[in-house]
Amino acid sequence: MTTDVHQLDDGAWISVNDSREVNVSDLWLLARSDFCDCETTDFLAEGFVKVGVDHPDIEARIAGQCIACGASGITDWLTVGRVVDPKSGDFYGVVHESVHFPEKRTRLARTAD
Amino acid sequence: MPSKVEKWKDDVYGNEIREHLLEFAEQGWESIPEDEHDAWFERFKWWGLYHQRSGQESYFMMRIGTPNGVIKPGQLEVIGDVAKEYATGPADNPEFGDAYCDWTTRQSVQLHWIKLEDIPEIFDKLESVGLSTQQACGDSWRNIVGCPVAGKDKHEHIDAWPVAEELNETFKGNDDYANLPRKWKVAVTGCDEGCGQGDINDLAFEPAEKDGELGFNIRVGGGLSRKEARLARDIDVWVPPEQAADVAAGMSGLFNEYGDREDRFNARIKFLVDEWGPEKMRQVLQDEFVDFELETAGEDMRDQYTYNSGGNEGHDDHVGIHEQDDGNYYVGLNVLVGRMGADDTLELAELAEEYGSGEVRLTQRQNVIIMDVPEENLEDLKSEPLLEDYSPEPSPFMRGSIACTGTEFCSLSIVETKNRQVRYARWLKDNVELPADHEDFHIHLSGCTASCAQPQIADVSLRGMKTRKDGEPVEALDIGLGGGLGEDPRFADWVEMRVPADEVPGAIKNLVNNFKDRREDGETFRDFVEARDEDTLADLVEPEETDYHDPYMHNTKMTWYPYVEDDDMQSSPAPTNGDGEPLPSDD
């Protein structure tokens, strides 16, 4: 089956296969990011702007701000979890407190809303 | 490409959702196919039902739309009964108990912990007295707001209540306007104090005179959400009251046709006004959506607006005892953060019957008003025990407090709000003294940028954030100052960011003391803020720990319910069946 991903309720959360999986209000540590000048961005997720699937990754661009320096904006694509087996549809979320590397897309992925 | 929500709406939306909703309710929570949850929950909003946040699956917030905040005789008792019988969840709130009503900033009623299975019975009870949840949420005409004492106000140019009522009757359940690109918020103001808050609505009717006739000027495209606050813009149109519904139909038809259905973040009409400008809005309205010649704007009365203007004039927040135009009185009671226990709501309904006409109204400041009290009943009413908790003469910090739903139930919120603002108000009342000429001082706490507590139009604006304290993540608030409405509305300046929540009361205390030390004679807080730049203001806000204790510093969003001892998400009893018993998990 196809992995069904979308953001809902004004970007409050990401639904994967009709299950609420990733919420706003968590802190994410971002490294090698040009989001701000901090060595690691201590990023508060305030809203999911875009979501997409780059199998097996579930990705999102997130609006929010660095709580260390105050820079605000939208991240590049971040992997928020994986659906390894589309047949089962099981979602495995990443640990948001660990370090993440947002990436500019270099190839097309299926975006969802 | 239309958004996914638009595709769901294309399949089923509007009035037809009801039959599906009632069928699901009849068969129970588990009858909603798992792979259709998102689509149905999006649709249920149209009937006033919002699925609560993660950890509270199967429970809903229910919103009852009460146009202009008017709760007619007999309705409040039913609202209280429904809250008492159905709005109880698996855990109590330590401040408000196990069943309560929220009076909202859009003059509506919200109940929480509603189970799907109970909805048919609740609808029957509400509809038996003319109440409805229809279009209380979702992409359509929302609850119409206005001056809460419309029709009974001594300061009125036009009785706005029949206009609001006509708009409600015309556009509620109207299939032509049932599926708009996004929510559609309308305000009708008839008084000279400006308390309809038209400036922050999608469509505003404001009192104006044209060639000796009273009617309304039209403004379009206001709103506060998403760090994209806009004041509604004057499109140079005046309408007589009898044509208000025609212009409203035209403007919401224009929104229906030209609003953005591909990007929900760009869908509100404020963005279309940004793109087109007021002149084009008027032109397209004239050319395509009305079949009569629009009049140019009349002479407005905004120079008389006192509501939330910072000047402590007029009836402002409607708290207190004020004479109506018929010689009776209305008694505005302060409801701290807009939340009232179900038993207190039932008591209020009794008092309204005993001392007034039985009519109660809701304000946009989350307060309630007992209407039509004869002068000879005032003293007895004032001595009722309920008025000790919901006072007509509260501390400025109690009457000025507004808070949104927050992480207790809301998916979007970053922080806990209502219980926190209760604690803030109590601490400020005990520890901070405002200048004697500041009876109104507005502190609005919104859990996120959606701005449901309207933080941008408060004296002190608080917005949910996070920060680190001693290396640990804690709930925090951005602090803004000097917002308000009136003739020249202005949004707050955000001057101090990411203040740990337990340091906010100390910050407000220091701010008020600095204001008292530095103000010119008679200078209002709003003028004081307006006269200073952001850096100067930031220096006057000195966050500080005090003896204020905040029990909600941890990440309340990660709990299934922030106030229970075992708040771990895995300990949630949800989802539950119609009896509130946990259902087996798939895991």
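Predicted model: local features only at pLDDT ≥ 70, side-chain atom pairs only at ≥ 80, totals over all residues.

Reader: How many salt bridges does a search of the whole structure find over all chains?

Author: The search comes up with 43. One of them pairs the side chains of A:E46 and B:K227, at 3.5 Å from N to O.

Reader: Where do A:E46 and B:K227 lie, and what does the pair join?

Author: A:E46 is in strand β5 (residues 40-54) of chain A, while B:K227 is in the loop between β9 (213-220) and β10 (233-239) of chain B, so this pair joins two chains.

Reader: Is A:E46 buried or exposed?

Author: Here the cut-off matters: buried means under 20% relative accessible area, and exposed means over 50%. A:E46 has 11% relative accessibility, so it counts as buried. B:K227 has 39%, so it counts as partly exposed.

Reader: OK, now the interface. How many residues of chain B are in contact with chain A?

Author: On the chain B side there are 38, in contact with 32 residues of chain A. The area buried between chain B and chain A is about 2,700 Å², and carbon and sulfur atoms give 45% of that.

Reader: And how many salt bridges does the rule find across the interface of chain B and chain A?

Author: There are six. One salt bridge to look at is A:D42 with B:R468, where the closest N and O atoms are 2.3 Å apart. For polar contacts, the count between chain B and chain A is 17 residue pairs, both residues at pLDDT 80 or more.

Reader: Which elements of chain B each supply at least two residues of the side that touches chain A?

Author: These are α1 (4-11), α3 (37-44), β1 (49-51), β19 (460-469) and β20 (472-481) of chain B. By class, the residues of the side of chain B that touches chain A divide into 11 nonpolar, 10 polar and 17 charged.

Reader: Which residues in domain 1 of chain B lose the most area to domain 2 of chain B?

Author: B:E6, B:P67 and B:R106 do, and together they make up 40% of what that side buries.

Reader: What about polar links between domain 1 and domain 2 of chain B?

Author: The rule finds eight residue pairs in polar contact across that interface, both residues at pLDDT 80 or more.

Reader: How many salt bridges are counted between domain 1 and domain 2 of chain B?

Author: Three. As a salt-bridge case, take the side chains of B:K72 and B:E165, which meet at 3.4 Å, N to O. This pair links distant parts of the chain, 93 residues apart: B:K72 is in the loop between β3 (70-71) and α4 (75-86) of chain B, and B:E165 is in helix α6 (residues 160-171) of chain B. B:K72 is partly exposed, at 37% relative accessible area, and B:E165 is partly exposed too, at 24%.

Reader: Let's finish with a single side chain. Is B:R420 buried or exposed?

Author: B:R420 has a relative accessible area of 0%, so it is buried. B:R420 is found in helix α14 (residues 418-431) of chain B, and its side chain reaches the backbone oxygen of B:Y552 at 2.7 Å. Not counting residues up to four places away in sequence, B:R420 touches several residues, including B:E475, B:D550 and B:Y552.

Notes: Residues numbered from 1 in each chain as written. Chains lettered and ligands numbered in written order. Heavy atoms only, no water. Helix = DSSP H or I, 4+ residues; strand = E, 2+ residues; numbered from the N terminus. Buried < 20%, exposed > 50% of the residue type's maximum accessible area, 1.4 Å probe, protein only. Polar contact = N/O pair within 3.5 Å; in protein donor to acceptor, adjacent residues only side chain to side chain. Contact = heavy atoms within 4.5 Å. Buried area = accessible area lost by both parts, 1.4 Å probe. Salt bridge = Lys/Arg side-chain N within 4 Å of Asp/Glu carboxyl O. Nonpolar A, V, L, I, M, F, W, Y, C, P; charged D, E, K, R; others polar.
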